[in-house]
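Reader: Before we go through the details, could you show me the sequence and the structure that we are to discuss?

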Amino acid sequence: MIYADLHIHIGQSLDGRAVKITAAKSLTLPNIIETAQEVKGLSLIGVIDVQSPGVRRDFQFLLAEGILHPLSGGGYASGKLTIIPGTEIELKEGSGSAHFLAFFPAIEHLERYAKNLSPYVKNLQLSSQKAYLAVSDWLEIVHENAGVWLPAHAFTPHKGIYGNCCSRLAEVLPEMPKALEIGLSADRVMALSVSELEGVQLFSNSDAHSLPNIAREYNALSLRDNSFAGLHELLAGASGEIIHNYGLPPKIGKYHRTYCLVCEQVVEGEPPQLTCPHCGSNHVVMGVLDRLNVIADRTAPEDSRYQYQVPLRQLPGIGPKTYSRLLAAFGTEMAILHDVAEQDLAKVSGDKAAHWIMKARSGQLEFSAGGGGVFGHIRLPCRIAAPLMNENLVHTITMAGEGRSYFLGAASPYIRRTTTTRCIADCCSFGKHAG
Ligand SMILES: [Zn+2]
Ligand SMILES: [Zn+2]
Ligand SMILES: [Zn+2]
């Protein structure tokens, strides 16, 4: 079994030119390889943005330096890590536009892909560009160059195909995808409530725009071969399987519920909420749950393959020092999240942090809902919150400028200590009166 994250962006190429403008500059190919392998403990990654000439030059440079080696089954190896080159594109379809991912055996294939695509895209150096061609023509280019493809973050209102293009893929796509990326605000059961996705391989990926966010969602896979060929066979249904998806609970995803842009708040209540019940406005960002409620055609059975997890650094009790100590002791986040025994964790991190890691491992965290681009947060049960309050130390991630406490901040990945005595859990009024 291996851990895989197939959606990691490049912030800039090594020549200093921007690739994904909204991504961190530190998100370079060498840094991604190092973080994925040494810090996260992944065995397979998909590096997006290899349509960019700058990124292909970076691959060539690392190949010449002997840091990367081509694999016989396609893809590249650096130590035990396999890197599959890929790309993301925006295409118009149905009533909106959507992002798609494609992966290829080697950078030469991506070079030809980029050449074929160049008449339809303004600037191929940049990530996730709009392409002015039909989906069927794009698919032809992908197939011609030995690529595989899938819809990206399929249910999000922001460029997800179900989120804003269609309610049935079969009605708008010339062929059904063999795989699909679920995205941050949905899970396997939600996805499978659309019956046409039965038999489609469902992936959870990070869509990382920064190094710490690599593997915030990921997959446990069994592959015949850890290479492009192994991935290809998984998609074709020939060999291999997705054993688990590890992902943020849908509730915590920033597009889970409908968000009113006038009231600037998440809409609660029975889904679907298509307008704001407070002000009546239809100026809303439709929530993934609300959207799925509209397009679902069945109740999907429980699926234990999807396990709810939050990234290690975003668990309560794990500040930067504890995080560093844990990594120094046990190697990688995957080892800490999956393998190390509680008593060994506790020796390094203390009982409280070990307790939260075990809760994350067994899928027992509780969450409050997110929406409209704001992440939800972990609920701290009163019995857990109280000892933290007594120490007057609450580990939070604070949304920039909002003055509200979240464990999963869209703006800042940093955990910091605050001395607020306010309880950050909705379930607990502790300290609310104390201000
Ligand atoms: Zn995208
Ligand atoms: Zn992306
Ligand atoms: Zn409103």
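Author: The model is predicted, so its local features need pLDDT of at least 70, side-chain atom pairs count only at pLDDT 80 or more, and totals for chains, interfaces and linings use all residues. Residues are numbered from 1 along each chain as its sequence is written, while chains are lettered from A and ligands numbered from 1 in the order in which they are written.

Reader: In which sense do strand β12 and β13 pair?

Author: Strands here are DSSP runs of E with at least two residues, and helices are runs of H or I with at least four, both numbered from the N terminus. Two strands pair if DSSP finds at least two bridges between them. Strand β12 covers residues 259-260 and is joined to β13 over 2 bridges, with Cys260 opposite Gln265 in β13. The sense of the pairing is antiparallel.

Reader: Which strands stand at the edges of the sheet?

Author: The sheet is open, with 3 strands in the order β13-β12-β14 and antiparallel pairing. Each edge strand has a single partner, so one side of each is left without a neighbour in the sheet; these strands are β13 (265-266) and β14 (284-285).

Reader: Within what arc do the buried residues of α13 fall?

Author: A residue counts as buried if 20 or more other C-beta atoms, placed from the backbone, lie within 10 Å of its own, as exposed if 12 or fewer do, and as partly exposed in between. In helix α13 (residues 351-361), the buried residues are Ala353, Ala354, Trp356, Ile357 and Ala360. The arc is that of the directions from the helix axis to the C-beta atoms, and the buried residues of α13 line one face of the helix because they fall within an arc of 160 degrees.

Reader: Against which helices do the buried residues of α10 pack?

Author: The buried residues of α10 are Thr322, Tyr323 and Leu326, and they line one face of the helix because they fall within an arc of 100 degrees. On the other side of α10, Pro320, Lys321, Ser324 and Ala328 are exposed. Taking contact to mean C-beta atoms, placed from the backbone, within 7 Å, the buried residues of α10 pack against α11, α12 and α13.

Reader: With which residues is Ile357 in contact, leaving aside its neighbours within four places in sequence?

Author: Ile357 is one of the buried residues of α13, and what covers those residues includes α10 (320-330), α11 (333-339) and α12 (342-349). With those sequence neighbours left aside, the contacts of Ile357 are Leu315, Ile336, Leu337 and Leu345.

Methods
Two residues are in contact if their C-beta atoms, placed from the backbone, lie within 7 Å.
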